[in-house]
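Subject: Structure handover

Hello,

Here is the structure I said I would pass on. My notes on it follow below.

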Amino acid sequence: MTDLRYPIGKAAMARELTADARRALIARVEAAPGRLRAAVAGLDAAQLDTPYRPGGWTVRQVVHHVPDSHLNAYLRCKWALTEDAPTIKTYEEGLWAELPDSRTVPVEVSLALLDSLHHRWVGLLRGMSAEDFQRTLRHPDHGLITLDQILGLYAWHGDHHTAHVAGLRERMSWK
């Protein structure tokens, strides 16, 4: 049985990528909003408020988490491009998922935010040079991380959470 926490496996982050690998990852980042939107299409309120796994977040919380996380990643990219190895601020994603907006706001709000955010982020990523992708940020828990690693992590992250929703839909036979 697949580990419901990691339906596509854990993230692998290469410190340095080839141009082809970057293009493929950027394409995944670009496609993420549409894939997440398709995964939740037609779900009713009760389905959106169903945890994707025992003890896990609800589908609604997952949908709201993705733009929360990706907005942080976008800002981290911009800081790394404009500052020398900035130390980033982490956030308590589990606590963010418990806030009223993550529990009650319609998912369309976060899907629209994700669409707009990824439009900007992909524009930034496609304009970056190979040297730009080697710029670093300092994560308080993980040390220096390159923007190549950030790209790999967030391409995975969008797929990871879409797989949470798609896996639940399949297990519940939701059409």
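Asparagine 72 sits in helix H3. The model is a predicted one, and in it asparagine 72 has a relative accessible area of 16%, so it counts as buried, the cut-off being under 20%. Leaving out residues up to four places away in sequence, asparagine 72 touches Tyr91 and Trp96.

Histidine 65 is also placed in helix H3. Is histidine 65 buried or exposed? Its relative accessibility is 4%, so histidine 65 is buried. Beyond its neighbours within four places in sequence, histidine 65 is in contact with Trp57, Tyr91, Glu93, His157 and His161. With one of these, histidine 157, there is a polar contact between the side chains, at 3.0 Å. For a sense of distance along the chain and in space, histidine 65 and glycine 167 are separated by 102 residues in sequence and by 17 Å from C-alpha to C-alpha.

Next, the packing of two helices. In general, such a pair is described by the angle between the axes and the distance between them. The axes of H3 and H7 cross at roughly 175° and come within 11 Å. An angle over 145 degrees counts as roughly antiparallel, so H3 is roughly antiparallel to H7. On the H3 side, the residues making the contact include Val59, Val62, His65, Val66 and Ser69. On the H7 side, they include Leu147, Ile150, Tyr154, His157 and His161. Sorted by class, the contact between H3 and H7 has 12 nonpolar, six polar and one charged residues.

In soluble globular proteins, nonpolar side chains tend to be buried together. The largest nonpolar core here has 22 residues, and Trp121, Leu125, Leu147 and Leu151 are those with the most contacts inside it. At least two residues of this core come from each of helix H1 (19-40), helix H3 (59-82), helix H6 (107-127) and helix H7 (147-172). H7 gives the largest share, five residues.

Leucine 151 touches Leu17, Arg22, Leu25, Ile26, Val29, Leu125 and Phe133, with residues up to four places away in sequence not counted. One of these, arginine 22, lies in helix H1. Arginine 22 is buried, because its relative accessibility is 9%. From there, the side chain of arginine 22 reaches the backbone oxygen of leucine 17 at 2.9 Å. With residues up to four places away in sequence again left out, arginine 22 touches Leu17, Ala130, Phe133, Gln134, Asp148 and Leu151.

Last, two points about the backbone. Most residues other than glycine have a negative phi. Which value does phi take at alanine 85? It is near 45°, a positive value in a residue other than glycine. Alanine 85 belongs to the loop between H3 and helix H4 (93-96), and with a relative accessible area of 28% it is partly exposed. Serine 173, in the segment after H7, has a positive phi near 55° and is likewise not a glycine. At 52% relative accessibility, serine 173 counts as exposed.

Regards

Conventions
Residues are numbered from 1 along each chain as its sequence is written. This is a predicted model: local features need pLDDT of at least 70, side-chain atom pairs count only at pLDDT 80 or more; totals for chains, interfaces and linings use all residues. Side-chain values use heavy atoms; hydrogens and water are left out. A nonpolar core is a set of buried Ala, Val, Leu, Ile, Met, Phe, Trp, Tyr and Cys residues joined through side-chain atoms within 4.5 Å. Buried means under 20% relative accessible area, exposed over 50%, partly exposed in between (1.4 Å probe, protein chains only). Helices (H or I, at least four residues) and strands (E, at least two) are DSSP runs, numbered from the N terminus. Contact means heavy atoms within 4.5 Å. Axes are lines fitted to C-alpha atoms, for helices over the stretch in contact, and angles run from 0 to 180 degrees between N-to-C directions. Angles under 35 degrees count as roughly parallel, over 145 as roughly antiparallel, 65 to 115 as roughly perpendicular and the rest as oblique. Ala, Val, Leu, Ile, Met, Phe, Trp, Tyr, Cys and Pro count as nonpolar, Asp, Glu, Lys and Arg as charged, and the others, Gly among them, as polar. A polar contact is a pair of N or O atoms within 3.5 Å; within protein, one must be able to donate a hydrogen and the other to accept it, and residues adjacent in sequence count only if both atoms are side-chain atoms.
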